[in-house]
Amino acid sequence: MSADSPVGRLAATVDRLSREVRAAQAEAEGRALIELAKGILVERLGCGPAQAARQLSELTEQAGTTQLEFAVEVINQAARDRMSEVTDAFLAATRAARDAGPEPAAVRLRAAESGALAADDTQAVAESLLEQALRPLGAVAVAIWAAGADGSLTLAGSAGFSPAEAARWYYVPPDVATVARCALAERDGLWIASPDDRGLPSVGRHHYPDGGRAAVPAGTGGRVYGVLEIVWPAPLPEQPPQIVRQVEALAELCAHTLETYTPPSGPARQPRALPDAAELMDLADGLYDPALVLVPHLDASGHLLDFRIQHVNSRFLDPAGRPRAMVSGALMLEAYPMAAGDSELFQRIERVYATGEPFRARRMHLTALVGQVPLAAVADISVSRHGDGILLIWRIEDETARLASLLQHAQRLGRIGGFEENLLTGEITWNGQLFDLYGRPQTSPPVPLEELPAHAHPDDAVAIGRFLRTLLHHRRPASAAFRLQRPDGVTRHIRVVAEPVLDTDGRLLTTRGAYQDISSQHWTEVALAATRDQLAHTEQHASERDRLALQLQRAIMPPTQAPLQMPGLDVAVRYRPAEAEQLVGGDWYDAVVLPSRLVLLCVGDVAGHGIEAATSMVVLRNALRGLAVTGAGPGQLLSWLNIVTHHLTGGVSATAVCGLYDPASRTLRWARAGHLPPVLVRGSEAAPLPMTGGLLLGAVPEASYEEAEVRLAPEDNLLMYTDGLIERRDRTVEESLAHLLATAATAPGTLDQRLDRLLTYSRSDTDDDTCIVGIRVG
């Protein structure tokens, strides 16, 4: 397009006008900062505006800088706020940027601060921050999130994203893990170099798939109102401290706007209605649970130091027993100094105040320090934020009532009934469980001990008589077992235990004790006695079966010590059978020198357990050893072994890994059939060999298997193993493999010690067979 054409002239005019508008905006912002600096000089020097302007010009000339830069320095020295500290550090680190454009770093930051404070909503704040302060840092987009009391996030303002993307991310429900949500939960700045570091979703992720991000909580005075999230188009290197402080200062600016933010669905641009302390105290007084009203206690700079106990309701119970007036009005950590360590109670209250998310806990252990004596208590805790106040409810548990309840449940579960009999007055006290044991209604009179023989089986009269003489005549604790005959015709086996209570003169006053229903125990003992003879008859048979199983196991597997000898190569194998006999499985291994002087190394696992799996394993192991004599490669060997598995083993399936090691060149050619790849340990690092393709054996009539080759170095260790070494029911294979690699990398020096350590520290919980083949290059 020619510059002399009408369209070209129009484009040039638009470009010129745009530059003039930007220059005018920059000049207006600069004039505002210069006038502010003049006002500071008028106040500091006690002079008029004209003299302040001359003084500013003279000082600018002496400093050798522009009048706008010097004006910002004057404002910074006068304000000495957080933004001043950031601009000082950032200006020192970015002097080189002065030649790149008319606005240095300090000017940009002050302009961004001015724009943010003047903006009437968070959308304008986001646009001002991006244009004035973040684009010079390489950022391309910014999002300002408002945190809801329920843990949700609302996109209060954004810049650099398309309207459709911003609308799609307008609301994030509670407990959804995003970049901003993690920063809010950790209450610290989250700097993500690339998306792979955390793998968290967020606004604009598909627009900037390789970009780094920063998410910083936006808060002030101990409260977090939201999160400032910044997006870069490329991976983000580690940022210098001055950049981190700059972003934190910008997040603090956002907090001032978010403090009065209201989602558009509510009254437009109206501050949120927050209950005052009086309303919260009225709410606490209306509760049936003990409650405190806390308000934040800030220092001179606005940082949260503690919480003041503004009010306690009439039902409040102090763990130390102090009156309510003594607690009300005190600081939280002064009244309860141990709260900082009581299950992080104080930190929980801080978090609720900061984020607005309520906290609930049952049976939290509390400690109240009175003087130097700690008093323990157990309480149900509820903490919630209402406006600027915190409602803390703790329900102190009555320890005596709790123990009585526990005793009652223990008696019920143990079928135990207690009694106490006053021999002077004849008064007898039974608990409800004892009436149930006797099969009598609780309105009926209790049975005295002396009448016990009348309620027992006649054959137990001697045992009961001995019990009563020991207790009542000899005045010693006694016990007896008897058969209780209940009115409903049911006979229960009972054990009674009792002790005498004597006065100071040794006279018997009271007896107390308990009855326990031991019917289940009695019949269990009868059943055990009945089976004892049967077990004796089968003991010899079981011994013979164990001997045969051991012989079968030894016949199936080759010896594990010194399977072969070859110069420059150490080979060790380990086999750990399943603990349960019925789980004898199909794991196998082999390590043998072939006629070609190559070393065949293999492990495999036949699916299933029992004799069928074991015999199929023998077929496959012997078939592979015979096929290897042909000189074929590992891929061809597995292809032939797949045919054997599919046609000759009754439809079983198996996995295997097969390798041929050449000692002359120290190279290993290997292939796998649905099995985990070998692990190479080199130095202090352990890693699996790159995965090759290959179906498990027996799945299809014919299959081909990829081969891979690795050259080993002296002192290298190579491990082949079956899944019994790492398999867990509650972990993924990746997690178990990571533990195996960490264990292998830190194992002792010798090969035998390394394999023994792998078996010792294996976390497998499936009780499966385990095979390991290891080689060490000399």
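Close-up 1. Leaving aside neighbours within four places in sequence, isoleucine 230 is in contact with Leu134, Ala139, Ala141, Val142, Gly212, Arg213, Ala214 and Val247, where contact means heavy atoms within 4.5 Å. The model is a predicted one, in which local features need pLDDT of at least 70 and side-chain atom pairs count only at pLDDT 80 or more, while totals for chains, interfaces and linings use all residues. Residues are numbered from 1 along each chain as its sequence is written, and side-chain values use heavy atoms, with hydrogens and water left out. The largest nonpolar core has 30 residues, and those with the most contacts inside it are Leu134, Val142, Leu228, Ile230 and Leu258; such a core is a set of buried Ala, Val, Leu, Ile, Met, Phe, Trp, Tyr and Cys residues joined through side-chain atoms within 4.5 Å, and buried means under 20% relative accessible area, with exposed over 50% and partly exposed in between (1.4 Å probe, protein chains only). Two or more residues of this core are given by each of helix 6 (122–134), strand 1 (141–147), strand 2 (153–159), strand 5 (213–220), strand 6 (223–231) and helix 10, with helices (H or I, at least four residues) and strands (E, at least two) taken as DSSP runs numbered from the N terminus. Helix 10 supplies the largest share of this core, 8 residues. A second, separate core of 27 residues includes Leu600, Val606, Ala623 and Tyr705.

Close-up 2. Helix 8 (residues 179–186) is largely enclosed by the rest of the structure, because 6 of its 8 residues are buried, namely Val179, Ala180, Arg181, Cys182, Ala183 and Leu184. Just after helix 8, arginine 187 takes a positive phi of about 55 degrees. Threonine 262 is found in the loop between helix 10 (241–258) and helix 11 (277–285), and counts as buried at 10% relative accessibility. Threonine 262 and alanine 146, although 116 residues apart in sequence, are 9.0 Å apart in space, C-alpha to C-alpha.

Close-up 3. A search of the whole structure finds 7 aromatic pairs, defined by rings of Phe, Tyr and Trp (its six-membered ring) whose centres lie within 6.5 Å, with planes under 30 degrees apart counted as stacked, over 60 as edge-to-face and the rest as tilted. Phenylalanine 307 and tyrosine 353 form an edge-to-face pair, 5.6 Å centre to centre with 80 degrees between the planes, and this pair links phenylalanine 307 in strand 8 (residues 304–312) to tyrosine 353 in helix 14 (residues 345–355), 46 residues apart. Phenylalanine 307 is buried at 0% relative accessibility, as is tyrosine 353 at 4%. The rings of phenylalanine 419 and tyrosine 515 have centres 5.4 Å apart and planes at 55 degrees, so that pair is tilted. Phe419, Trp430, Phe435, Tyr438 and Tyr515 form one aromatic cluster. The charged end of arginine 223 sits over the ring of tyrosine 353, 5.6 Å from its centre, a charge being over a ring if NZ of Lys or CZ of Arg is within 6 Å of the ring centre and within 35 degrees of the ring normal.

**Close-up 4. Cysteine 602 and its closest cysteine sulfur.** A search of the whole structure finds 0 disulfides, a disulfide being a pair of cysteine sulfur atoms within 2.5 Å. The sulfur of cysteine 602 is 5.7 Å from the closest cysteine sulfur, in cysteine 658, which is too far for a bond. Cysteine 602 is buried at 2% relative accessibility.
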